[in-house]
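Student: I have a structure open and would like to go through it with you. Could we take it piece by piece?
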Amino acid sequence: MTIRAVVRGVGHYLPARVVENAEFEGKLDTTDEWIRSRTGIERRHFAAEGETTSQLAIKAAEAALADAGLNAGDIDAIVVATSTPDFTFPSVATMVQAGLGNTNAFAFDVQAVCAGFVFALANANGMILSGQAKRVLVIGAETFSRIMDWADRGTCVLFGDGAGALIVEAAEGTGTAADRGILASDLHSDGRYRELLYVDGGVSTNGRSGHLRMQGNAVFKHAVQKLAETAHTALEKAGLTPDDVSWIVPHQANLRIITATAERMQVPMERVVVTVADHGNTSAASIPLALSTARARGQIKAGDLIVTEAIGGGLAWGSVVLRW
Ligand code: UT7
């Protein structure tokens, strides 16, 4: 008998305020046309004043619990991937736990920036396979609008706020790639590239929360090369090939990166979930937001083989292969 971490429910939450590209035109030397053609982004959501990452995460978690037909007390571990926590500590995950009214789960945050959800999901899988947890609530939640430098047109038009949540639970499988659940993962980091994408503030440096700084073009080149590589590796580990893929659910940073990765994997765009136009780059929230949106659109169905892949600050990157 093989234990698998099988998806039981999914949900998401987007803050009410929608900001169209045109809103930046009056404030910055930019155009809707530039943003659309260079990134595929048309609009993004921004959290309201006082609306925090944990509040977004709780709403996404409630949607996932409702989808799964579960109560908060049925969850025995909560992992939140975020780089924009409410406070330096405690973790957003413990705030989600309290917000949901759960007292029996252990809860902690994972910080791998835009790759955070992939890292969190791989960890949830490890906890389930090792018997540490039976049902894990895995959330990606971010308020990147809080760390934007609004004078930097190269970054502030790219990011948005939101949260997505997935519940995975232990189930018996056969040990073959026909099983439902997480079949393989592949994680990488290379701290030599810190300067390419970072936030210029922090507790032990200058005591500020800081602003995001990015050498976009250099990150772009790493993304195009590394994402296809990690997706191939994870598929290989699962004993599968790109032909077996029903949907690539990529990190939603830039439509050109998404397209280039799909091309390298020789997967047609009809089998790629794209939400970047409406969400922008929501960092760790982007993949669970895309999974939930795709399910709502009727794109993802039970039995579909899904590859998620992401890269972000660190650099940190990776992928997870799962059967829905
Ligand atoms: O989620 C974490 C991972 N992050 C990513 O994956 C982001 C990866 N990078 C990207 O998506 C792209 O590199 C960007 C969208 C950030 C930039 O696109 P690019 O095609 O790489 O443009 P670039 O940085 O090479 O800049 C091209 C030009 C520059 O002007 P000059 O130097 O050629 O005169 C920029 O100053 O575009 C200019 N530019 C803009 N122009 C109008 C940069 N931002 C803007 C803007 N509006 N908002």
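Student: Where does Val113 lie?
Tutor: Val113 lies in the loop between β5 (106–110) and α5 (116–129). Please keep in mind that this is a predicted model.

Student: Is Val113 buried or exposed?
Tutor: Val113 counts as buried, because its relative accessibility is 18% and the cut-off for buried is under 20%.

Student: And what is its phi, for Val113?
Tutor: The phi of Val113 is positive, about 50 degrees, although Val113 is not a glycine. Most residues other than glycine have a negative phi.

Student: Which loop holds Ser283, and what is the phi of Ser283?
Tutor: Ser283 is in the loop between α9 and α10. Its phi is positive at about 55 degrees, and Ser283 is not a glycine either. At 1% relative accessibility, Ser283 counts as buried.

Student: Now the peptide bonds. What kind of bond joins Phe89 and Pro90?
Tutor: A cis peptide bond joins Phe89 and Pro90, with omega at about 5 degrees. Pro90 belongs to the loop between β4 (77–81) and α4. Leu315 sits in the loop between β12 and β13 (316–323).

Student: Let us turn to helices. How do α3 and α4 cross?
Tutor: The axes of α3 (residues 53–68) and α4 (residues 92–100) come within 9 Å and cross at roughly 55 degrees. The two helices are therefore oblique to each other. The crossing of α3 past α4 is right-handed.

Student: Which residues make the contact?
Tutor: From α3, the contact is made by Thr53, Ser54, Ala57, Ile58, Ala61, Glu62 and Leu65. From α4, the residues are Val92, Met95, Val96, Gly99 and Leu100. By class, the contact of α3 with α4 has eight nonpolar, three polar and one charged residues.

Student: Thr53 is in that list. Which side chain makes a polar contact with the side chain of Thr53?
Tutor: That is the side chain of Thr143, at 2.8 Å. Thr143 is in strand β6 (residues 135–143) and is buried, with a relative accessible area of 4%. Leaving aside neighbours within four places in sequence, Thr143 is in contact with Ala47, Glu51, Thr52, Thr53, Leu56, Thr84 and Asp161.

Student: What follows β6, in the loop where Asp152 lies?
Tutor: Asp152 lies in the loop between β6 and α6 (153–156). Asp152 is partly exposed, with a relative accessible area of 24%. A polar atom of its side chain lies 3.0 Å from the backbone nitrogen of Gly154, and the side chain of Asp152 also makes a polar contact with that of Thr155, at 2.9 Å.

Student: How far apart are Asp152 and Leu212?
Tutor: Asp152 and Leu212 are 60 residues apart in sequence, and 9.5 Å apart in space from C-alpha to C-alpha.

Student: Back to helices. Which residues of α8 are buried?
Tutor: In α8 (residues 255–265), the buried residues are Ile257, Ile258, Ala260, Thr261, Ala262 and Met265. They pack against α7 (216–237), β11 (247–250), α9 (276–279) and β12 (305–312).

Student: What is found at the start of α8, and what follows α8?
Tutor: At its start, a side-chain oxygen of Asn254 reaches to within 2.7 Å of the backbone nitrogen of Arg256. The helix is followed by Gln266, whose phi is positive, near 60 degrees.

Student: At what angle do α7 and α8 cross?
Tutor: Their axes come within 9 Å and cross at roughly 40 degrees. That makes α7 oblique to α8. The crossing of α7 past α8 is right-handed.

Student: Which residues make the contact there?
Tutor: On α7, the residues are Phe220, Ala223, Val224, Gln225, Leu227, Ala228, Ala231, His232 and Leu235. On α8, Arg256, Ile257, Ala260, Thr261, Arg264 and Met265 take part. The contact of α7 with α8 divides into 10 nonpolar, three polar and two charged residues.

Student: Last item: is Ala296 buried or exposed?
Tutor: Ala296 is exposed, with a relative accessible area of 66%. Its place is in helix α10 (residues 286–297).

Methods:
Residues numbered from 1 in each chain as written. Predicted model: local features only at pLDDT ≥ 70, side-chain atom pairs only at ≥ 80, totals over all residues. Heavy atoms only, no water. Buried < 20%, exposed > 50% of the residue type's maximum accessible area, 1.4 Å probe, protein only. Helix = DSSP H or I, 4+ residues; strand = E, 2+ residues; numbered from the N terminus. Contact = heavy atoms within 4.5 Å. Polar contact = N/O pair within 3.5 Å; in protein donor to acceptor, adjacent residues only side chain to side chain. Axes fitted to C-alpha atoms, helices over the stretch in contact; angles between N-to-C directions. Parallel < 35°, antiparallel > 145°, perpendicular 65-115°, else oblique. Left-handed = near helix turned anticlockwise from the far one by under 90°. Nonpolar A, V, L, I, M, F, W, Y, C, P; charged D, E, K, R; others polar.
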